[in-house]
Amino acid sequence: MQSRYGTIVALLAALLLAAAASTMGSYPIYLLSLAMINVIAAIGLNLLTGNSGQISLCHSSFIAIGAYGSTLLTARYGVPFWAAIPFGALLAALMGALLGAPASRLRGIYLALATLGFLQIVQIAIEEFANVTGGVRGLTVPKAAVGGVRMSEYARFLIVLGCCMLAIWTARNLLASRVGRELNAVRLSPHAAQALGVSVHRVKLAAFALSAAYAGVAGGLQAIVVGFIDPVEFGVSAALRQITFIVVGGMGSVSGSVIGAAVLSAMPEALRPVKEYSDVIYTLMLLGFLIFVPHGLVTVWYVIARRMRRHVPTAPAEARR
Amino acid sequence: MTLTLALQLAIAGISVGSIYALVALAIVMPFKSSGVLNFGQGEIVTLGAYIALILTQLALPYPVVIASVLLLGAAGGVVIERVLIRPIVKAPEFTLVIATFAIGLLIKGVISIRFGDSPNTIDGPFGTEPIMAAGLRFNPTSLWIFVCTALVTIGVILFLRSTRLGKAMRAVSVNPEAARLMGIRVETVYRWSWAISTAIGALAGLLVAPLIGINPEIGQLILRGLLAAVIGGFTSIPGALVGGLAVGLIETFSGVLIGSTFKNLVPFILLMVLLVFRPQGLFGAAEIKRV
Amino acid sequence: MTDRLTVERLSVRFGGLVAVRDVSLRVAPGEIRGLIGPNGAGKTTLINAITGTVPIAGGRVLLDGLSVSGLPAHAISRRGIGRTFQHVEPFAELSVLDNVLVGVGRHSHVPLAHAAFATPLAHRREDQAAREALAVLERFDLLAYRHTVAAELPFAVLKRMDLARALAARPALLLMDEPTSGMSESEADRAIAAACALAESEKITLLVIEHNMRVMMALAHSVTVMQNGGVIAEGKPSEIQRNRTVIDAYLGDEAIDAVG
């Protein structure tokens, strides 16, 4: 299903990255880890918004659920991180399905409002149930350990790298399979999809759960990398930043998620001298792309790649857009 | 709960509800005519509050401040519509939602840079001495807010019903293409509906500032304003008023009856329930679709 | 033998407008039924009602004797009713192959977990689905376009794709809405021939809305005529051609004569 060539290149790139990182200092490794965590989250959001066409303003809430869920399992019940993170992701997926059940029947501004409402509910719950979540002051995350031995920073980086590779691989597999076709189909023509036996509602609900799962993994990883959960990370600005990743990178493709998240994760570093302006710069970038490059950075490369994969020239026709 | 307490709460609810009603009104107007929901409206309110701050610090008299806030708010709306909305008005809904959100965050970011996060405040026009009537205590600022809201709502209703521009706005909201064919300049109508909506939003900022202070987070009001718009139905002006007052009352009463932990959750749970079961609210059209 | 399709006193209302009025018809298994009538007669609405796309105001629809009216559209499709669209409704950003694969997907299922981890089961089923889809594409002369994005194709080719996609789902009953509109005479003949061949070999019952009378008369075993939401005539094509009421329904004799 996937080109052998691409898989080998990706594996090589991952190995190179792992090797290079072993020579880097603490801070670059930290930044790279965060960038890869952003990639995982962006992949999830892109499946929901780019492929199944559902706008979501609460993606950061599922990251939060993953983060708090896995951290609490470790902190309170001693569950090791490698089990806690998947459980956190599962919890996020369940909440995604819970939201998706009603939300997938909504469209446009009503869907946006529903996701915004969910975001607020999660925010308020985090603040109000402070004895569990640490409230506005945040939650310290127990150090990730295997069999009582603390993981080194490099080991954590490798885990994040592994999860990122897994996320990219599973997402590409999904998009190349009937799952991906159905996700796109319900966005492109719900009528035709229904007529071919695809339940639009069920696919859209699954998209919510799936995107939440990726977000949950990202949240769990973020918790152990940062060592601390700050609820401010999960508000409206954060949600908009998630959306910026996929708008800038390109909606509907894994490559778009990777490019967008990678490029924009480099920005906070580049923007360090002008930190107060970072919010403004992010939003200007988002607006700029929305107006001028709506299909994202990946378009150029994607068009070329598609042309290369086609075995015959296009039939002569006017574009139907 | 004694009657006095209930009435007192109702007064508080109506006064805070009036602000929500203004925000809802500011949201509903451009949505009705151009189909664009301005998710950045909250920051317009913030902007209005800060404009009021600057003008008050310049020791300008209150009537001048009001007039300036309205004018500058309107001007801001015209600029936003021309520069940021016009290029994407034909874009998919996703783009419009995110863009208006982004505009709001942009405004908030700029305000934060200029003024920092430290809170400011201005005084209400009628002081803080409560007015006693019928055994009930009335906050003069709250009364003033309610009066302004009522006047604005009535003003908008009359405007839409009786003036040429208002009728044109109604025509465009029903069918822009037909309106264009009838000679109505649709772009002008859009520009005016945005100008009026941002003027109202800015006014809300001015009015609410004495009550809750001035800081970049005022924009959170939009959440209540959106709930009010959903309750009232996104296409109804009187609905915005009713919705706003309803949200205010619900908020005030649930604060007393439910306790602080869950009181903040109530509006959003209500929002979700409405979106699922009755998205058109009380007065909205059942099939709300942008053609 | 039970009818493949039974429509009993079906009515569809849009607000105050009655689009389909008390329509009854029965189509036997393996039959090819034509559905004709002037514009606005309610033919597409009838199809929409049968497929569950629009709500039914009265009456019911039975497939092989079992009621399907009131079920959600995708469930009706899964019972075995397929349709093609007047305006194709393509998955515009997907390739022709992917479009048809969605159709194949109705009977070929890859569970989500398997798809995500590219298991051997997933590979097997996807390969099988691809083989099926390619076979259908071949029948409709679409192999050359298989990797072309639907948005870049001319209308006539899209109509063939719509047909291929619907047939790939292996429906028991296929409702076709103007399948040859936008096609040249030879294209129309080829497409219809392919559809009929497939219908015969797979035992698919067809209900076809057509304005092209030449195609209709050659293709259909029998014809139902609608006007103003109701059925005004039914019978063999040659009878319908001579039916006075039908001729009056279309504007004058030209419409029928012109295609002899």
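Among contacts in chain A between residues at least 6 apart in sequence, 79% connect residues at least 24 apart. The model is predicted. Of the two pairs of chains in contact, chains A and C share the most contacts, while no contact joins chain B and chain C.

**Chain A**

- The secondary structure of chain A comprises 15 helices and four strands.
- Chain A has a radius of gyration of 20 Å, close to the 20 Å that the globule rule gives for 321 residues, and is therefore as compact as a globular protein of that length.
- The C-alpha trace of chain A spans about 65 × 45 × 40 Å along its principal axes.
- Of the 321 residues in chain A, 53% are buried.

**Contact between chains A and B**

- Chain B contributes 29 residues to this contact and chain A contributes 28 residues.
- On the side of chain B that touches chain A, the elements giving two or more residues are helix H4 (93-115), helix H9 (221-232) and helix H12 (265-277) of chain B.
- H4(B) gives the most to that side of chain B, with 13 residues.
- By class, the side of chain B that touches chain A holds 24 nonpolar, four polar and one charged residues.

**Contact between chains A and C**

- In this pair, 41 residues of chain C are in contact with 31 residues of chain A.
- The side of chain C that touches chain A draws two or more residues from each of helix H2 (73-79), strand E6 (81-83), helix H3 (96-104), helix H4 (112-116), helix H5 (120-139) and helix H6 (155-168) of chain C.
- The residues on that side of chain C divide into 22 nonpolar, 10 polar and nine charged.

**Chains B and C**

- The closest C-alpha atoms of chain B and chain C lie 12 Å apart.

**Helix H3 of chain C**

- Nine of the nine residues of H3(C) are buried, so this helix is largely enclosed by the rest of the structure.
- The buried residues of H3(C) include Asp98(C), Asn99(C), Val102(C) and Gly103(C).
- Packing against the buried residues of H3(C) are helix H8 (178-188) of chain A and, from chain C, H5 and H6.

**Packing of H3(C) with H5(C)**

- Two packed helices are described by the angle between their axes and the distance between the axes.
- The axes of H3(C) and H5(C) come within 9 Å and cross at roughly 115°, which makes H3(C) roughly perpendicular to H5(C).
- The crossing of H3(C) past H5(C) is right-handed.
- H3(C) makes this contact through Val96(C), Leu97(C), Val100(C), Leu101(C) and Val104(C), and H5(C) through Ala129(C), Glu132(C), Ala133(C), Val136(C) and Leu137(C).
- The residues of the contact of H3(C) with H5(C) comprise nine nonpolar, no polar and one charged.

**Positive phi values in chain C**

- Most residues other than glycine have a negative phi.
- Val88(C), a residue other than glycine, has a positive phi near 70°.
- Val88(C) is located in the loop between E6 and H3 of chain C, and Val88(C) is buried, with 25 other C-beta atoms within 10 Å.
- Arg170(C), also a residue other than glycine, has a positive phi near 55°.
- Arg170(C) occupies the loop between H6 and strand E7 (173-177) of chain C, and Arg170(C) is partly exposed, with 18 other C-beta atoms within 10 Å.

Conventions
Residues numbered from 1 in each chain as written. Chains lettered and ligands numbered in written order. Predicted model: local features only at pLDDT ≥ 70, side-chain atom pairs only at ≥ 80, totals over all residues. Contact = placed C-beta atoms within 7 Å. Nonpolar A, V, L, I, M, F, W, Y, C, P; charged D, E, K, R; others polar. Rg over C-alpha atoms; globule rule 2.2 N^0.38 Å. Buried ≥ 20, exposed ≤ 12 C-beta atoms within 10 Å, placed from the backbone. Axes fitted to C-alpha atoms, helices over the stretch in contact; angles between N-to-C directions. Parallel < 35°, antiparallel > 145°, perpendicular 65-115°, else oblique. Left-handed = near helix turned anticlockwise from the far one by under 90°.
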